[in-house]
Amino acid sequence: MLIAVEGIDGAGKTTISSYIAELLRKRGYMVKVFKEPSNSEYGRKIKNSKDRLSPEEELELFLKDRDIDVRDNIKPALQKGFFVVMDRYYLSNIAYQSARGIDARLIRERNEKIAPKPDLTILLDVEPEIAMERLRKRGELSPFERLDYLREVRKRFLENADEKTVVVDASKPLDKVMEDVKKIIDELIKAKP
């Protein structure tokens, strides 16, 4: 099964992705965690750009990076029976690039041509002000981390969530967020064929 963990910068995706992997491993499942953008040449271009690229250029790099990630990591792991946990996936692409003016439907269509749909998306929803405070504690902010932009991105995440998306209030203390996520994972496992 493919589980995507999504949310604006500072929502807690990396922490929760690791937590989900730990929960699944304790239940005896094989798990792989992948983070996007990946370390492909395209992923590195995204991560290393000091200034924002044009929305179109950004989208193309994300699509090329995801295509490689799907081919080399995601699909092989799923075929071998692993649970795959994504620390960011294509809902991020939809939210971040549509906030810069690209049509959300077009971004979804292009991604779904190359990437398997998640069985579950956990959307960690947090007020951008809280996220910015967390980011500042981490250190230097990236070009993606501006309050006005994160407000728009959060709105786009919520607008583009689909029927497989569960929204979790990530402004709560971490132990409460983990409790909520554990319930969601337990439900997923119960429903697993």
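Trainee: What makes the pair formed by the side chains of D9 and R88 a polar contact?

Mentor: This is a predicted model, and in it the side chain of D9 lies 3.2 Å from the side chain of R88 in a polar contact. The limit for a pair of N or O atoms is 3.5 Å, and the value of 3.2 Å is within that limit, so the term applies.

Trainee: Where does D9 lie, and why is D9 called buried?

Mentor: D9 belongs to the loop between β1 (2–6) and α1 (13–26). Its relative accessible area is 12%; buried means under 20%, so D9 is buried.

Trainee: Which record marks a binding site here, and at which residues?

Mentor: UniProt, in an unreviewed entry, places the feature "binding site" at G7, I8, D9, G10, A11, G12, K13 and T14. The annotation may be inferred rather than shown by experiment.

Trainee: Why is K13 called buried, and what does K13 touch?

Mentor: K13 is found in helix α1. A relative accessible area of 7% is under the 20% cut-off, so K13 counts as buried. Leaving aside residues up to four places away in sequence, K13 touches V5, E6, G7, I8, D87, R88 and L124. A polar atom of the K13 side chain also lies 3.3 Å from the backbone oxygen of G7.

Trainee: What is the order of the strands in the sheet, and why are β2 and β5 said to stand at the edges?

Mentor: The sheet is open, and its 5 strands run in the order β2-β3-β1-β4-β5 with parallel pairing. β2 (31–35) and β5 (165–169) each have a single partner strand, so one side of each lacks a neighbour in the sheet. From one strand to the next, the twist averages 20 degrees.

Trainee: How do you know that β1 pairs with β4 and with β3?

Mentor: Pairing requires at least two bridges between two strands. β1 and β4 have 4 bridges in the parallel sense, and β1 and β3 likewise pair in the parallel sense over 4 bridges. Towards β4, I3 stands opposite L120, and the bridge partner of E6 is L123. Towards β3, L2 has V84 as its bridge partner.

Trainee: What makes β1 largely enclosed by the rest of the structure?

Mentor: 5 of the 5 residues of β1 are buried, so the strand is largely enclosed. Both faces are covered, with L2, A4 and E6 buried on one side and I3 and V5 buried on the other.

Trainee: Why does T121 count as buried, and which residues does T121 touch?

Mentor: T121 lies in strand β4 (residues 120–125). Its relative accessibility is 5%, under the 20% limit, so T121 counts as buried. Apart from residues up to four places away in sequence, T121 touches A4, E6, L91, K164, T165 and V166.

Trainee: How far apart are the C-alpha atoms of T121 and E163?

Mentor: These C-alpha atoms are separated by 9.2 Å, while T121 and E163 are 42 residues apart along the chain.

Key. Residues are numbered from 1 along each chain as its sequence is written. This is a predicted model: local features need pLDDT of at least 70, side-chain atom pairs count only at pLDDT 80 or more; totals for chains, interfaces and linings use all residues. Side-chain values use heavy atoms; hydrogens and water are left out. Helices (H or I, at least four residues) and strands (E, at least two) are DSSP runs, numbered from the N terminus. Buried means under 20% relative accessible area, exposed over 50%, partly exposed in between (1.4 Å probe, protein chains only). Contact means heavy atoms within 4.5 Å. A polar contact is a pair of N or O atoms within 3.5 Å; within protein, one must be able to donate a hydrogen and the other to accept it, and residues adjacent in sequence count only if both atoms are side-chain atoms. Axes are lines fitted to C-alpha atoms, for helices over the stretch in contact, and angles run from 0 to 180 degrees between N-to-C directions.
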